[in-house]
Amino acid sequence: MIKELVKKQAVLYGDELFATDIDSLETLTYCELEKKAREYADLFKNRGVGEGQAVGLFMGNCLEFMLCFYGILFLNAIPVPMNPAIENKKLRYIIDDANLHYIIKKEADISVISDISVCEHSVIQKVTMLELSHGDKHHKKVECVEDTALILYTSGTTGEPKGVQLTHKNLISEMRYITEAHRLERKDKVLCVLPWYHINGLVITMLTPLLAGHELFVTSGFDAEKFWKQVKTYQITWFSGVPVFYSYLLLEQEETVGETTLRFARSASSPLSVSVIKKFEEKYKIPVIESYGMTEGGSQLTSNPLPPLQRKAGSVGLAFGNKIKIVDEQWNDMPIMEEGEVAVKGDNITAGYLNKPSVNQETFHDKWMKTGDIGYLDEDGYLFLTGRKKELINRMGEKFSPKEIDEVLYEIDGVEIAGTVGITHQLYGEQVVSFIKLREGTKLSVAEIKKYCRNKLMDIKVPKEIIFLDQFPLGDNGKVQRKKLVELYKEKYDEE
């Protein structure tokens with residue numbers, strides 16, 4: 001169990017620094033982590049939290065998040081991390097689905113949790129515990145699989161959120177796979193810029209350093225203007241980011257960066273343009289390790305290996321620990337270089353979604369899980385993703401991924417963020433529409449962009465409409481929210 005790992009590392013590394021909060025300058029040693037996790041567990045127990053109960057963790061990145069997370073685990077309860085900016089409708093759904101009776105948050109102000117019935121609230125050190133009214137006096141356990149350590153909800157961009165149940169075995173296996181893939185060592189130092197209420201930030205940058213035995217430095221969020229100073233000040237050796245971070249960092253001047261201690265930069269959560277990777281590596285001389293993961297796999301499923309081993313442009317790399325194959329709709333294996341749906345299997349893969357028996361039946365087969373991603377494997381076992389099954393554009397019967405168009409758009413100097421969608425069309429089925437955010441000070445015309453696309457793409461894939469945005473709809477994990485782009489398009493024409 002994870003609490004046993006905390007105990008073990010406290011014995012091994014004692015008073016050595018484990019975590020530093022860059023914003024508050026607070027620190028935790030390995031011993032302090034264990035001691036305070038026990039204290040928090042006792043406080044939660046004294047206020048009514050029992051073994052097997054799910055507890056909402058409602059805060060951004062800070063050391064209190066970490067202590068609450070481990071404190072819940074020390075009590076043999078189950079943390080349910082949530083975005084503090086979550087919509088009230090989704091919050092109510094999660095409270096009911098996970099049978100939450102408690103929410104723990106950092107701020108004493110409870111106004112953000114509106115329209116939720118709260119029995120009482122009490123301040124526990126630097127955090128506040130809210131007891132929710134469910135109309136009963138007995139706090140029941142959540143009905144989840146045995147050994148569950150964490151429930152994390154998917155974003156629900158294509159429907160209602162799904163509670164992913166991850167066991168202690170899932171998480172510890174995944175931490176080992178990440179450590180192996182990135183060759184993490186005791187001397188490493190990671191900068192945590194992704195939110196810990198998301199699987200990438202939580203498992204990659206909060207949990208894995210505990211297993212690797214190295215330091216972590218946490219900040220409230222990514223800030224391109226502060227990033228390089230943070231790297232220099234704290235001698236950071238790696239970080240995990242999302243594609244949009246790299247677009248922002250490309251705006252910085254080389255002379256403001258200088259020599260860096262970074263040995264690699266990691267990108268995941270959504271595909272990173274080959275063009276952006278090349279520009280970043282040419283500018284900063286730091287290898288970008290593109291990986292692929294999902295909540296259901298505990299985060300990472302594949303990763304490109306570190307230099308000097310081969311990294312393949314456009315690939316999300318090799319499987320580490322788990323197994324990958326490509327299948328058709330009937331679960332038949334697809335040949336090398338042929339597209340199909342990506343399926344995964346391994347000790348890191350969830351046993352299923354909470355309270356979703358029909359979805360579990362569709363998704364899992366003989367311990368394999370369909371991911372919903374489309375791609376192919378090459379002769380060396382490298383995985384190439386070509387799109388999401390639910391995002392494929394269907395124009396006149398021709399199905400293709402919006403990612404293909406985005407890749408071309410990112411090749412154009414001045415394009416900071418791009419997102420392509422299929423818009424319902426009476427004649428063609430769907431029409432290709434691309435949204436673009438330009439870099440500050442850049443001027444590009446629709447005609448110039450279309451001309452470039454016509455030289456790179458079949459006519460059927462060339463965007464028929466280009467829409468410029470000042471603000472792009474991005475998810476908590478940095479992914480372009482294509483569903484929201486479709487909604488923006490509909491709103492635009494409804495107004496007209």
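Reader: In this predicted model, is Glu64 buried or exposed, and what is its relative accessible area?

Author: The model is predicted. A residue counts as buried under 20% relative accessible area. Glu64 falls under that cut-off and is buried, its relative accessible area being 5%.

Reader: With which residue does Glu64 form a salt bridge, and how far apart are the closest N and O atoms?

Author: The partner of Glu64 is Lys126. The pair links distant parts of the chain, 62 residues apart: Glu64 is in helix 3 (residues 63-74), while Lys126 is in the loop between strand 6 (118-124) and strand 7 (127-132). Lys126 counts as partly exposed, at 45% relative accessibility. Between Glu64 and Lys126, the closest N and O atoms are 3.9 Å apart.

Reader: Which residues are linked with Glu64 and Lys126 in a network of salt bridges?

Author: The structure holds 23 salt bridges, and the one between Glu64 and Lys126 belongs to a network. Besides these two residues, the network links Glu26 and Lys106.

Reader: How many residues apart in sequence are the parts that Glu281 and Arg311 tie together?

Author: Glu281 and Arg311 form a salt bridge with the closest N and O atoms 2.5 Å apart. Arg311 is partly exposed, with a relative accessible area of 30%. Glu281 lies in helix 9 (residues 274-284) and Arg311 in the loop between strand 15 (299-303) and strand 16 (318-319), so the parts tied together are separated in sequence by 30 residues.

Reader: Which helices hold Arg482 and Asp406?

Author: Arg482 forms a salt bridge with Asp406, the closest N and O atoms being 2.9 Å apart. Both residues are buried. They are 76 residues apart, and the pair links distant parts of the chain: Arg482 is in helix 13 (residues 482-495) and Asp406 in helix 11.

Reader: Is the pairing of strand 25 and strand 26 parallel or antiparallel, and over how many bridges?

Author: Phe435 stands opposite Ile467 in strand 26. Strand 25 (residues 429-438) and strand 26 pair in the parallel sense, over 4 bridges.

Reader: Which residue in the hairpin of strand 20 and strand 21 takes a positive phi?

Author: Strand 20 (residues 368-377) and strand 21 run antiparallel and are joined by 5 bridges. Asp373 stands opposite Arg388 in strand 21. Between the strands of the hairpin there are 5 residues, and the one with a positive phi near 90 degrees is Gly381.

Reader: How many residues of strand 21 are buried?

Author: Strand 21 (residues 383-388) is largely enclosed by the rest of the structure, because most of its residues are buried: 5 of the 6.

Reader: Which residue has its backbone oxygen 2.3 Å from a polar atom of the side chain of Ser401?

Author: Ser401 is found in the loop between strand 23 (398-400) and helix 11. At 8% relative accessibility, Ser401 counts as buried. Leaving aside neighbours within four places in sequence, its contacts are Thr386, Gly387 and Leu392. The backbone oxygen at 2.3 Å belongs to Thr386.

Reader: With which side chain does the side chain of Ser240 make a polar contact of 2.9 Å?

Author: Ser240 lies in strand 12 (residues 238-241) and counts as buried, at 0% relative accessibility. Not counting residues up to four places away in sequence, Ser240 touches several residues, among them Leu191, Val193 and Ile204. The contact at 2.9 Å is with the side chain of Arg266.

Conventions. Residues numbered from 1 in each chain as written. Predicted model: local features only at pLDDT ≥ 70, side-chain atom pairs only at ≥ 80, totals over all residues. Heavy atoms only, no water. Helix = DSSP H or I, 4+ residues; strand = E, 2+ residues; numbered from the N terminus. Buried < 20%, exposed > 50% of the residue type's maximum accessible area, 1.4 Å probe, protein only. Polar contact = N/O pair within 3.5 Å; in protein donor to acceptor, adjacent residues only side chain to side chain. Contact = heavy atoms within 4.5 Å. Pairing = 2+ DSSP bridges. Salt bridge = Lys/Arg side-chain N within 4 Å of Asp/Glu carboxyl O.
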